[in-house]
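The sequence and the coordinates are shown below.

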Amino acid sequence: MTERKPPGVPFESWVDKQIGDAQRRGEFDQLPGLGEPLPAGLDSSYDEMWWIKRKMAREGLAMLPPTLALRKEAEDALAAAYTAPSERIVRRIIEDVNVRIRDMMFKPPPGPPLGKKPYDVEEVVREWRERRAAAEAATAEPEPDAHG
């Protein structure tokens, strides 16, 4: 149990003594975060949602308006399509994201506008073929020289 501050002793002195005693007993030696830098943002004003923001950052979550989330999803889908192993998968990825883009275009939620139109599946497939051919050409071994 914590002892009470004796009368006539300044509060700061009494607290310093309590901390010093605890340090000598080793009560701070096994605390989590020992030796690590303090978290960023300690110098900013108090935010009631700090713990929610920290948990979301720790778990890799983001809270974006639906249109911005779909923009990010569409960009990620296009990147995934370009690295897909087959044309069938490219088409499926782009067709799936196009359904969500069209839904949002015709039933927009509140917030910023989507600013995206559905991808041209044939154009994405054409670009996928070109990228694949370029990647294969870059990794192909050069033909041996006829003179050498």
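A residue is termed buried when its relative accessible area is under 20%. The model discussed here is predicted. Tyr82, at 16% relative accessibility, therefore counts as buried.

**Overall architecture**

The protein chain contains five helices and zero strands, and its elements follow the order α-α-α-α-α from the N terminus on. Its radius of gyration is 30 Å, well over the 15 Å that the globule rule gives for 148 residues, so the chain is more spread out than a compact globule. The C-alpha trace spans about 90 × 60 × 25 Å along the principal axes. Of the 148 residues, 18% are buried. The accessible surface of the chain amounts to about 12,100 Å², and carbon and sulfur atoms hold 58% of that area. Among contacts with a separation of 6 or more, 57% join residues 24 or more positions apart.

| Helix | Residues | Number of residues | Span | Expected span |
|---|---|---|---|---|
| α1 | 11-25 | 15 residues | 21 Å | 21 Å |
| α3 | 66-82 | 17 residues | 24 Å | 24 Å |

In α1, the buried residues are Trp14, Gly20, Asp21 and Ala22. Just after α1, Gly26 adopts a positive phi of about 80 degrees.

**Helix α3 and its cover**

The buried residues of α3 are Thr67, Leu70, Ala74, Ala77, Leu78, Ala81 and Tyr82. Viewed down the axis of α3, these buried residues fall within an arc of 130 degrees, so they line one face of the helix.

Tyr82 belongs to α3. Apart from its neighbours within four places in sequence, Tyr82 contacts Val124, Glu127, Trp128 and Arg131. The C-alpha atoms of Tyr82 and Arg131 are separated by 7.5 Å, although the two residues stand 49 residues apart along the chain.

**The largest nonpolar core**

The largest nonpolar core has 20 residues, of which Val90, Ile94, Ile101, Tyr119 and Val124 touch the most other members. The elements giving two or more residues to this core are α3, α4 and α5. Helix α4 supplies the largest share, seven residues.

Leaving aside neighbours within four places in sequence, Tyr119 is in contact with Ala74, Glu75, Leu78, Ile94, Val97, Asn98, Ile101 and Val124.

**Asn98 in helix α4**

Asn98 is located in helix α4, which covers residues 87-106. With a relative accessibility of 2%, Asn98 counts as buried. Beyond its neighbours within four places in sequence, Asn98 contacts Pro118, Tyr119 and Val121.

Methods:
Residues are numbered from 1 along each chain as its sequence is written. This is a predicted model: local features need pLDDT of at least 70, side-chain atom pairs count only at pLDDT 80 or more; totals for chains, interfaces and linings use all residues. Side-chain values use heavy atoms; hydrogens and water are left out. Helices (H or I, at least four residues) and strands (E, at least two) are DSSP runs, numbered from the N terminus. Buried means under 20% relative accessible area, exposed over 50%, partly exposed in between (1.4 Å probe, protein chains only). Contact means heavy atoms within 4.5 Å. The expected span of a helix is 1.5 Å times one less than its number of residues. The arc is that of the directions from the helix axis to the C-beta atoms. The radius of gyration is taken over C-alpha atoms; the globule rule is 2.2 Å times the number of residues to the power 0.38. Accessible areas come from the Shrake-Rupley method with a 1.4 Å probe; for residues, only the protein chains shown count as cover. A nonpolar core is a set of buried Ala, Val, Leu, Ile, Met, Phe, Trp, Tyr and Cys residues joined through side-chain atoms within 4.5 Å.
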